[in-house]
Amino acid sequence: MYKIVTTKPFEGQKPGTSGLRKKTKLFMSPHYLENFIQSTFNAIGGVDGKRFVLGGDGRFFGVEAAQTILKMAAANGAKEVILGQNALLSTPAASHLIRINKTDGGIIMSASHNPGGVEEDFGVKFNAENGGPANESITNRIFEQTKVLAEYRISDAVDIELSKIAKINLDGMIVNVIDSVSDYADLMAQIFDFTAIKRLFASGFSMRFDAMNAITGPYAKEILEKRLGASKGTVVHGAPLPDFGGMHPDPNPTWAHEFWDELMSADAPDFGAASDGDGDRNMVLGKNTYITPSDSLAILTEHALKIPAYTKGLNGVARSMPTGSAVDHVAKSLGIECYETPTGWKFFGNLLDAGRVSLCGEESFGTGSDHIREKDGLWAVLFWLNILAVSKKSVSEILQEHWARFGRTYFSRHDFEDLPSDKADAMIADLSSRMSGMKGASLNDLIIKTAEEFSFLDPVDGTTSNNQGFRVIFENDARIVARLSGTGTSDATLRLYLELYDKENIKLDTQQALEPIILAAHELLNLKKFIGKVRPDVIT
Ligand code: VG1
Ligand code: CO
């Protein structure tokens, strides 16, 4: 039996943003989660007779939220929900399950890299039947629904057991509780040369994987330690905890500092990786070697033919606009197309579905391919391991050879966090008003070639997405990109992306090489005037 609960329109996600990320306490407040779920169901034309995947990254409130979502799906007439055991699924695993089970989509409970816990963040995201984040037409429909919502439906059945693998009847709907890891691990075994990687570990190759107390622990233990024979203890912080043990699961040198310090130490392992809360991002490091996300994408592209799943070659590649253009040089030499999209994985979806690209990457340590429709942290780690196993070279050698062949793209992202929103908005408005007249002007003695606010014309469906960040390109092809983060739940974060290409690969420290661009960026934004500081909080 179900009940119909009268409710009111509410302030949910902003139009165009995929998923809803808010303070956990807000999600726990009466009707809030329910309102968002019913709006989503309504936006996709109801769920009668449909099948979905459900799971999340293990953060606080995930189990309670799963019980609510299951009862609402049942009350709205859904036929089946495939649920990760204990309501756990990494984002890439959820994407894969949607695809192999041909469901009508899935719901992922995560706020990704945002901290978890009762005082921190929770999130819910709908993925469509291709396994990818809902596109803008769906997210806009969800937003429209939040404005007119009047009621939601929920079963009055008791909570079900989420910890045992079983098929459970919930008010006429099947809840199919499955092992969260095995299908995904099998997929990885199809893509990569597990025999070669096993041999690498057997030869004494050492690795550290930091799961940051978030979702990738069980996946990494099964794949790296069990199936590939990495030594026990390779995976640290491997149990998903509701508050991530206080860690901030954003894999970068600042938040993954314990891992970073180990890889930069004298007795560092040969290779290391850390992932984010929901497992779709990766930071890979070699012994005392940092690889920028932009270089990582370029190197995966360069070596793709060595990987069983890509031996036929790549259809094309894509990177988000702020991502450094290292991959462009590789694509050019391979004679394949390289697309530039706005920030956010959903913009790769059409290109992947249409078979125009095989690999994609973002500057925030997100890389992935056409095997699913999300970025995939462990996939990137295995890609690197596969390259190392068959080339028999170190991470540092692979990187040096890449720079020697293609030139070096210095790239860095500077984040300015906890900014009062009004000040950040004023700074961006001021920049926007000056943008069109900047061509030919100079900043810190660098001449501006183009200055624009980025718009993306999707080559597959012809839709346009405007206001996707400000981009200045100088005559020496150096770039500055500025945008405000769209994933925070309070205050504003400015992201400044800085890039300089050096064909001769003259060895310099990245920040030192970028110094003139950094100063130009501060001048461009009038940083000191608007936000009163010029030192970033996080540098990646
Ligand atoms: C950040 C990253 C962006 C990524 C997004 C979602 O967005 O910069 O590259 O796509 O997070 O990733 P923003 O708007 O804060 O810059 V995830 O792994 O947090 O879902
Ligand atoms: Co993520």
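Visitor: Which protein donors does the cobalt ion (ligand 2) have?
Guide: In this predicted model, the cobalt ion (ligand 2) has S112 (OG), D276 (OD), D278 (OD) and D280 (OD) as its protein donors.

Visitor: What spacing do the donors of the cobalt ion follow along the chain?
Guide: The spacing is S-x163-D-x1-D-x1-D.

Visitor: And D276 and D278, are they buried or exposed?
Guide: Both D276 and D278 are buried.

Visitor: Let us turn to the sheet. In what order do the 4 strands come?
Guide: The order is β16-β15-β17-β18, and the 4 strands make up an open sheet with mixed pairing. At the edges stand β16 (337-341) and β18 (366-369), each of which pairs on one side only. From one strand to the next, the twist averages 15 degrees.

Visitor: How many bridges join β15 to β16?
Guide: There are 5 bridges between β15 (residues 316-320) and β16, and these two strands run parallel.

Visitor: What is the bridge partner of S320 in β16?
Guide: S320 has T341 as its bridge partner in β16.

Visitor: Which strands does helix α10 touch?
Guide: Helix α10 (residues 293-302) packs on the sheet and touches β15, β17 (359-362) and β18. The direction of α10 makes about 170 degrees with that of β17.

Visitor: Where does helix α13 lie?
Guide: Helix α13 (residues 377-391) lies across β17 and β18.

Visitor: A change of topic: the backbone. What is the phi of H31?
Guide: H31 has a positive phi of about 75 degrees, although this residue is not a glycine.

Visitor: Where is H31 found?
Guide: H31 sits in the loop between α1 (24-28) and α2 (32-43).

Visitor: Why does H31 count as partly exposed?
Guide: H31 counts as partly exposed because its relative accessibility is 32%, and the partly exposed class covers values between the limits of under 20% for buried and over 50% for exposed.

Visitor: What about the phi of F244?
Guide: The phi of F244 is near 55 degrees, again a positive value in a residue other than glycine. F244 belongs to the loop between β11 (235-236) and α9 (257-263).

Visitor: Does F244 count as buried or exposed, and why?
Guide: F244 counts as buried because its relative accessibility is 0%, and buried means under 20%.

How values were computed: Residues are numbered from 1 along each chain as its sequence is written. Chains are lettered from A and ligands numbered from 1 in the order in which they are written. This is a predicted model: local features need pLDDT of at least 70, side-chain atom pairs count only at pLDDT 80 or more; totals for chains, interfaces and linings use all residues. Side-chain values use heavy atoms; hydrogens and water are left out. Buried means under 20% relative accessible area, exposed over 50%, partly exposed in between (1.4 Å probe, protein chains only). Two strands pair if DSSP finds at least two bridges between them. Axes are lines fitted to C-alpha atoms, for helices over the stretch in contact, and angles run from 0 to 180 degrees between N-to-C directions. Contact means heavy atoms within 4.5 Å. Donors are N, O and S atoms within 2.8 Å of the metal (3.2 Å for Na, K and Ca); water is not among the atoms, so sites may look incomplete.
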